[in-house]
Amino acid sequence: MNEYDVRVAKVEGTHVWHVHRDTDEFFLVLDGELHIALREVGGERTVRLARGMVFTVPRGVWHRPYAPVPTRILLFEPSGTLSVGDAHDDLPDHVDATTGHAL
């Protein structure tokens, strides 16, 4: 949509610390629960999102999503945005670095 991808993902467990330098990242929790840890000036904080809640991670902010239970999310990102950002910590085997998969 207008050079943006609308993505639906099923997630569980811990993602990787990463940053999107040039774009915000929009999350809508469709089902389940999502925690997003943020590294900000002054320290770290965690945002906890229940079903129906929305949060936007500002561009340039290091963050790490975590889903304690199987969770479905909807994201809006510019087409081609890598799921692990422009920079990231080492990728564990369970993290899928992708620009999306065809349905």
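Tyr66 touches Gly13, Thr14, Glu33, Leu34 and His35 when residues up to four places away in sequence are left out, a contact being heavy atoms within 4.5 Å. The C-alpha atoms of Tyr66 and Thr14 are separated by 4.4 Å, although the two residues are 52 residues apart along the chain. Tyr66 lies in strand S7 and is partly exposed, with a relative accessible area of 31%.

The model is predicted, with local features requiring pLDDT of at least 70 and side-chain atom pairs counted only at pLDDT 80 or more, while totals for chains, interfaces and linings use all residues. Residues are numbered from 1 along each chain as its sequence is written, and side-chain values use heavy atoms, with hydrogens and water left out.

**Strand pairing around S7**

Strands (E, at least two residues) and helices (H or I, at least four residues) are DSSP runs numbered from the N terminus. Two strands count as paired if DSSP finds at least two bridges between them. Strand S7 covers residues 62–78 and runs antiparallel to strand S1 (residues 4–14), to which ten bridges join it. Within this pairing, Asp5 stands opposite Glu77 in S7. Strand S3 (residues 25–31) also pairs with S7 in the antiparallel sense, over five bridges; here Phe27 has Leu75 as its bridge partner in S7. Strand S4 (residues 33–40) is likewise antiparallel to S7 and pairs with it over five bridges, and Arg39 stands opposite Trp62 in S7.

**Salt bridges**

Side chains of opposite charge can pair when their charged atoms come close. A salt bridge is taken as a side-chain nitrogen of Lys or Arg within 4 Å of a carboxyl oxygen of Asp or Glu. By this rule the count comes to six salt bridges, including those in the table.

| Salt bridge | N to O distance |
|---|---|
| Asp5 and Arg7 | 3.3 Å |
| Glu77 and Arg7 | 2.7 Å |
| Asp31 and Arg72 | 3.8 Å |

The pair of Asp31 and Arg72 joins strand S3 to strand S7, so parts that are 41 residues apart in sequence are tied together. Asp31 is partly exposed, with a relative accessible area of 32%, and Arg72 is partly exposed at 42%.

Salt bridges link Asp5, Arg7 and Glu77 in a network. Asp5 counts as partly exposed at 23% relative accessibility, whereas Arg7 counts as buried at 12%. Glu77 counts as buried, at 2% relative accessibility.

**His18**

His18 is found in strand S2 (residues 18–19) and counts as buried, at 1% relative accessibility. A polar contact is a pair of N or O atoms within 3.5 Å; within protein, one must be able to donate a hydrogen and the other to accept it, and residues adjacent in sequence count only if both atoms are side-chain atoms. The side chain of His18 reaches the backbone oxygen of Val16 at 2.8 Å. The side chain of His18 also makes a polar contact with the side chain of His20, at 3.3 Å.

Technical notes
Buried means under 20% relative accessible area, exposed over 50%, partly exposed in between (1.4 Å probe, protein chains only).
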